[in-house]
Each structure stands twice: as structure tokens, then as C-alpha cells.
Amino acid sequence: MAEVQLKNVSKSFADTSAITDMTFGIDDGEFVVLLGPTGAGKTTTLRLIAGLENCDAGSIEIDGTVVNHYTPAQRNVAMVFQQYSLYPHLSVRDNLAFPLRSPILKTPEDEITRKVNEVAEILHIPNKLDNKATELSGGEMQRVSIGRALVRDPAIFLMDEPLSSLDAKLRADLRVELKRLQAEMKKTLLYVTHDQIEAMTMASQIGVLDEGRLVQFGTPRDIYQNPNSTYVAARLGQPRINLLPSGLFGENGPQGASQIGLRPENIEVGKGRDAHILRVEHLGDQTRLHLKFVEHDLVTLIDAHSDYQEGETIQISAVDPLFFDAAGSRIS
Amino acid sequence: MSSFSVTDTSSRTKRIAGTLVIVYALITMLPLVWIGATGFKSPADAISYPPKVVFSPTLEGYVNLFTTRTRQTQEYLQNNPPTNWADEIVRQYDMVIVGPSKFGERFLNSVIIGFGSTFLSIFLGTLAAYAFSRFKIPLADDLLFFILSTRMMPPIAVAIPIFLMYRNLGLSDTHLGMILLYTAVNISLAVWLLKGFIDEIPREYEEAALIDGYTRFQAFYKVVLPQAATGIASTAIFCLIFAWNEYAFAVLLTSATAQTAPPFIPTIIGIGGLDWPAVAAGATLFLLPVMIFTIMLRKHLLRGITFGAVRK
């Protein structure tokens with residue numbers, strides 16, 4: 001395992017810029033998640049580190065060595081693809097053994113057998129080893145594809161939305177399993193996703209991407225509590241943060257503040273200004289109130305057992321709002 | 001009353017379809033059966049009218065195909081008893097076998113040239129198709145069109161330039177010359193067909209192999225080739241059928257050394273009258289290699305014919 005550094009990396013395809021001036025580091029044993037919507041440059045970042053694309057500017061270092069001109073094989077990285085990419089003509093066993101048989105590793109056969117069995121055990125697929133790769137279910141395929149990375153001891157694991165094509169239950173199970181594996185084996189891992197739950201639950205560090213730029217990098221808690229822009233604030237949290245013009249609650253914002261951000265838990269119900277209840281959603285463990293406040297729509301969370309009705313008027317006030325300027329940057 | 005279904009065919013539809021297929025197969029197979037049977041007829045039975053369906057089989061045609069014979073005096077025939085069963089057959093016409101015919105040699109030439117050019121077409125075609133499919137090649141579309149344009153006229157249209165060129169290069173009547181010629185004709189088919197197949201193989205497999213520690217060529221060899229097997233097999237059959245059956249260039253460019261079977265078989269008619277059983281025997285043997293090759297690759301061929309129509 002090793003550490004990886006990206007320094008001022010840029011990449012464009014034809015006329016469109018995919019990655020702009022990206023700089024961040026992944027420390028040894030860390031689980032870093034890149035979070036962003038489709039087209040933000042998450043996959044391109046992985047492919048640049050893997051060596052499947054060459055960067056136009058900047059440098060990529062693995063363990064202090066600049067690897068810009070290394071082939072993917074020389075970089076010693078392992079990657080899990082979104083679409084599994086298991087070799088369809090091989091059995092599960094041969095798929096798992098494939099990286100070990102490469103000319104770079106040239107592992108002896110008895111050791112291959114040992115490692116493949118070990119990984120199959122970890123991923124709960126020992127009875128599937130002799131199946132053809134195409135005879136597996138989606139969840140099994142993704143396990144094999146993760147296993148193909150785990151049999152090796154690469155500098156870093158790169159995972160490209162590995163859980164996105166699985167159903168919700170399997171996704172939740174594998175999420176926990178993956179985090180446990182990473183923590184137990186102390187592996188360095190870079191994971192990209194557009195799913196904020198995956199990012200929040202697994203990451204030791206999150207990088208938020210917007211149109212090819214890294215807009216914020218920090219621990220999940222830090223990014224949730226101290227977003228540096230309205231964009232980052234809106235990417236984490238469910239229901240989303242409420243953005244309002246500042247001053248509606250009579251709060252005193254810092255110089256230049258033109259918007260405030262209020263997460264649902266930062267709206268206190270019971271005192272303050274009047275708001276109109278548009279809709280009540282009972283989710284079982286929580287209840288969401290959709291409010292009309294002045295002419296703005298707000299969402300807040302209240303106790304699951306409260307019995308507010310649609311059409312009622314309640315009083316709300318803001319607790320510790322986040323202040324943003326007109327361009328959306330945070331002011332504190 | 002049973003309900004109507006779009007997916008399940010009724011048993012009546014199945015019966016009609018089955019009958020049609022069988023009738024069609026019988027009609028197509030009739031000439032082949034006729035050729036095969038004629039090879040085992042005597043010359044008289046072969047040309048009798050109406051044609052004989054039941055006849056006493058003989059190996060005369062095959063003996064005549066593989067041997068050269070000469071007529072001998074009664075005295076010679078009595079003093080030299082027949083040495084083997086083949087000799088015995090030709091004795092009934094007062095003939096003796098004096099040596100092998102050229103058929104074996106010509107057949108071997110066909111095998112060398114047919115399979116040689118098929119192998120070369122597939123080898124070059126696969127590499128070119130992979131490059132066109134995966135890499136950014138300047139003017140790729142124009143190059144592909146140029147490759148296809150070699151098939152826009154009948155190959156024989158360029159017979160005279162090729163004849164003169166081959167004479168100057170010393171390629172006339174050589175195995176290499178014929179292999180190169182058939183490869184040149186087949187390569188456009190091979191590149192276009194194989195490019196279609198390779199385009200269908202997702203790039204992620206190679207990318208996974210590159211990351212798993214393999215070079216680009218190893219990834220091609222270990223991951224792309226096995227998945228392109230279907231396409232390669234069906235393309236190979238098409239290439240072999242062309243090279244195997246080609247007649248015009250073979251007549252024009254080969255004679256003593258590299259002559260293939262197609263121009264040789266008609267020459268049998270010239271030796272000792274219209275020996276139809278020998279011609280039929282030659283044609284039957286000539287059919288076998290392509291038939292065996294096709295049967296061997298048949299499970300790939302079915303998908304090859306419908307390629308591009310359905311995605312896996």
C-alpha cells in the first residue's frame with residue numbers, strides 16, 4: 001500500500017475540459033471518496049491514476065515517484081469497474097487468478113490457488129469458483145470483480161461506482177462489507193460515487209467534484225458541517241439543505257452575506273416567524289414538513305410522532321445558519 | 001379452445017415449417033448426392049438414361065482419378081498378372097497402371113494455398129480490424145473505404161496487370177504467389193467482418209487486463225482474441241471457401257508447380273474420353289475439406305451469419 005498525490009492535474013477531451021487543475025493526496029490506508037454528479041470528472045480522475053488516460057498537465061505520484069509515463073501495469077494499481085468487466089470466457093477461478101498470472105507478478109500456481117481460495121472465502125463465493133463468469137448474479141459478479149482486485153497487493157485500489165448497478169439491499173450489504181475489508185486489511189482506496197450515503201458512510205476523506213474541479217476536500221463530518229459553497233452544501237444531506245436570501249429571520253450575517261443555508265435539523269419549530277405547512281410526509285422514523293416561508297419552500301424534520309396537519313401555520317426560527325455570498329461561496 | 005400466443009408457435013405451424021425446411025434441404029443436397037454417387041458408378045452407369053439410382057458400386061472412378069494408365073497387348077497382360085486390386089480393376093479395359101496421377105499433388109496445392117491464404121487473411125485482418133476498432137487512426141474512414149473498394153470490381157478484371165506483374169516478380173506458378181493473391185482479395189472481407197465483431201467487444205475488458213498487469217498485446221491475445229473467436233471462425237470459413245473454389249486466377253497463373261485442384265479436375269475429361277466417374281470422384285474429394293472445416297466451426301458460424309443483428 002502506498003500514498004498517491006495528484007498535483008495540478010488537467011485533462012481535456014477534444015474541446016471539453018474534463019479535469020481542471022486538480023490537487024489532492026491520498027494517505028496510506030485511507031478510504032477517499034470522490035463525490036459528484038455524472039460528468040463531474042470522477043471516472044476520468046480514476047482513469048488518470050490508473051494510467052488508462054494520460055494527463056495534459058500536472059503530475060501524478062505514487063509513493064513519491066512521478067508515474068505520468070508509466071503504463072497501467074507499471075503503476076501497480078487495481079481497479080473495480082462499474083460494469084464488473086469480468087472476462088466472460090473464463091471461469092470465476094481464472095478471473096480471480098488472472099492478475100496473478102500476469103507477466104509482472106508471475107505467481108507460482110500453488111500460491112495462486114491459496115490466494116484465490118482465500119479471497120473467495122472473504123467474499124463468500126467459494127462455491128462459485130468453477131462457474132463461468134457469465135453464470136453469476138449481479139451481486140456475485142461484483143464480488144468477483146472486487147476479488148480480482150483483492151488478490152493483488154497493489155499501491156491503491158480504484159473503484160468506479162462499484163455498487164451503482166446493484167439493488168438497494170445488496171448495495172447496503174456490500175457497502176458495509178467493503179468498509180470492513182478496507183479497515184481490516186488497511187488498504188488504500190479511492191472510490192468514486194454519486195451516492196452521498198456511500199460517501200458519508202465509507203469515507204475517511206471526501207473530495208467533492210464540480211465540473212472537473214475539486215471544490216472541497218475533507219472528512220465527511222467537516223464537509224457536512226462546514227461546506228465552503230452552496231454547491232457542496234447541497235451535495236450532502238437528505239433532505240437537502242434549504243437555501244434562502246439572508247435576513248428573513250432577522251439574523252445578523254457577516255459582511256457580504258446574501259444567502260443562508262439551513263439544514264432541516266437547523267430549523268427550530270415552535271417560535272419565531274410564521275410558516276405555512278404545505279405537506280406532511282410520515283417516513284416512520286421521522287416526519288418531514290414541507291413549508292412555505294415568505295415565498296420560499298423549506299423542508300424540515302420533526303419528531304416522528306408529532307401530528308401537524310396540512311394548512312396549519314407554525315412558527316420557525318433558524319439555528320446556526322451557514323452564510324454564503326451572492327456567488328455561493330461560504331462566508332464565516 | 002387454446003389462446004393465441006405470439007411467442008409459442010402452434011404445432012401446425014411447426015409441422016409446416018419443418019416440412020418446408022426438409023424439402024429445401026433435399027433439393028439443395030440432390031446435386032451433392034448425385035456427385036457422390038456418380039463417383040462410385042461405372043462409366044456406362046454414369047451416363048445411362050434414365051439415371052440409375054440403384055447400381056453396383058465400383059472404385060473405378062477413384063482408381064482412374066489417382067492413376068495414369070496405358071493400354072497393353074494381350075501377351076503383356078497374360079505374362080504380367082495384376083499386382084493389386086486397383087490394377088485388377090483397370091485390366092478389364094486391357095489397361096495397366098503405370099503411375100500416380102497429378103491429383104494428389106494438385107489437391108495438396110489446394111490445401112497449402114487455401115489454408116495458407118486463409119490463415120494470412122485472418123492474421124492480417126484481425127490485427128488491422130483491432131487497430132481500426134481501438135486506436136485513433138488518421139483518415140481511418142477513408143482507409144476503410146479504400147480497403148473495401150478493392151472488392152468493388154470482380155477480381156478477374158485486373159487479371160492482365162496481375163499476370164504481367166507476377167511474371168516480372170517471379171511469382172507466377174508459385175504457392176507464395178497464389179497465397180498472396182487470394183489474401184489480397186480476402187483481406188477486405190476479413191477486415192470489415194472482423195472490425196464489426198471486435199467493435200462489439202467492450203473496451204473495459206482490455207482496460208481491466210492492462211490494469212491487471214498485461215501489456216496491450218497480451219491483453220489483445222488473452223482477452224480480445226478468445227471473445228472474437230466466433231467472428232474469426234466465420235470469417236475464416238468465408239475466406240477458405242473463396243480461396244478453395246477460385247478457378248479463373250488458378251487457370252491463368254498456375255501450371256506445372258502450383259496448380260490447384262479446380263483447374264486440374266476438368267483436365268481429367270481430356271484423358272481417355274469423358275471419364276465422368278473420375279471427375280465426380282475428384283469433385284467429391286474436393287468438397288470434403290471445406291465441409292469438414294465448416295462442420296468443425298459450425299457452432300460459431302450460426303452466430304457469425306447473424307452478427308450485428310443481436311447483442312449478447
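**View 1. Chain A divides into domain 1 (4-234) and domain 2 (241-331) in the domain assignment.** The bounds come from an automatic or database domain assignment. This is a predicted model, in which local features need pLDDT of at least 70, side-chain atom pairs count only at pLDDT 80 or more, and totals for chains, interfaces and linings use all residues. Residues are numbered from 1 along each chain as its sequence is written, while chains are lettered from A and ligands numbered from 1 in the order in which they are written. The C-alpha centres of domain 1 and domain 2 of chain A are 38 Å apart. Seven residues of domain 1 and nine residues of domain 2 of chain A make the contact between them. Two residues are in contact if their C-beta atoms, placed from the backbone, lie within 7 Å. On the domain 1 side of chain A, four of these residues are nonpolar, three are polar and none is charged. Nonpolar covers Ala, Val, Leu, Ile, Met, Phe, Trp, Tyr, Cys and Pro; charged covers Asp, Glu, Lys and Arg; the others, Gly among them, are polar.

**View 2. Chain A as a whole has nine helices and 18 strands.** Both are DSSP runs numbered from the N terminus: helices are H or I with at least four residues, strands E with at least two. The C-alpha atoms of chain A fill a box of roughly 75 × 45 × 35 Å along the principal axes. Of its 332 residues, 40% count as buried. A buried residue has 20 or more other C-beta atoms within 10 Å of its own, with C-beta atoms placed from the backbone. Among contacts in chain A with a separation of 6 or more, 64% join residues 24 or more positions apart.

**View 3. An open, antiparallel sheet of four strands in chain A runs in the order β2-β1-β4-β5.** Strands pair if DSSP finds at least two bridges between them. The edge strands of chain A, β2 (16-26) and β5 (65-66), each pair on one side only. Five bridges link β1 (residues 4-13) to β4 (residues 57-62) of chain A, in the antiparallel sense. V4(A) has I62(A) in β4(A) as its bridge partner.

**View 4. Helix α1 (residues 42-50) of chain A lies across β1, β2 and β4 of chain A.** Helix α1(A) runs at about 65° to β2(A). Axes are lines fitted to C-alpha atoms, for helices over the stretch in contact; angles run from 0 to 180 degrees between N-to-C directions.

**View 5. Chain A meets chain B through 19 residues of chain A and 14 residues of chain B.** On the chain A side, α2 (72-75) and β6 (77-80) are the elements that give two or more residues. β6(A) gives the most, with three residues. The chain A side holds 15 nonpolar residues, four polar and no charged.

Conventions: A residue is buried if 20 or more other C-beta atoms lie within 10 Å of its own, exposed if 12 or fewer, and partly exposed in between; C-beta atoms are placed from the backbone.
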